[in-house]
Amino acid sequence: MTDEEIRQAVAADVAAVKSVTDAAYRHYIERIGVVPQPMEADHAANVAAGRVFVTGEPVVGLVVVEEYADHLYLDNIAVHPDAHGRGVGGRLLRFVDAHARALGLSEVRLYTNAMMWENQKIYPRYGYEVVERRVDGPYDRVHYRKRLD
């Protein structure tokens, strides 16, 4: 696999999925005051369910998606800090769009913590629009959607 390829994760990738997720989100713990939800996900279950796609050898980025009747939900996108600035996140976001289209879905939805300012600058550049801001328990979240043509 080249660094540009994206493939469905397998059981052998679970440790890497956890490692990349933790590395990508760890610095947010102090800022938001709680452990970000992606760090507490059941990575093995997500991989077993076919919801995780990875890129890089070793893995440097991943997405976790869930298919619904009317949209694809982007549950998590994580890029290892060592791979920042190499276009990994953009490739993963374009993959999510293509995956949604392949499933016959015309919309992608996601949310990010309101304290993760960096993400709020990135998503609009890829065509996402803010739908709402809502507090869910300890998480203050900004919800986005992207309509696919």
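Two strands pair if DSSP finds at least two bridges between them; strands (E, at least two residues) and helices (H or I, at least four) are DSSP runs, numbered from the N terminus. The model is predicted: local features need pLDDT of at least 70 and side-chain atom pairs count only at pLDDT 80 or more, whereas totals for chains, interfaces and linings use all residues. Residues are numbered from 1 along each chain as its sequence is written, and side-chain values use heavy atoms, with hydrogens and water left out.

**Exercise 1.** Determine how β3 pairs with β2 and with β4.

*Solution.* 
1. Strand β2 (residues 52-55) runs antiparallel to β3, and four bridges join them.
2. Within this pairing, Thr-55 has Gly-61 as its bridge partner.
3. The β2-β3 hairpin has five residues between its strands, and Gly-56 in the turn has a positive phi of about 95°.
4. β3 and β4 are also antiparallel, with seven bridges; here Val-65 is opposite Leu-74.
5. Four residues lie between β3 and β4 in their hairpin.

**Exercise 2.** Is His-71 buried or exposed, and which residues does it touch?

*Solution.* 
1. His-71 is located in the loop between β3 (61-67) and β4 (72-79).
2. Its relative accessible area is 8%. Buried means under 20%, exposed over 50%, and partly exposed in between (1.4 Å probe, protein chains only); His-71 is therefore buried.
3. Contact means heavy atoms within 4.5 Å. Not counting residues up to four places away in sequence, His-71 touches Glu-66, Leu-105, Glu-107 and Arg-109.
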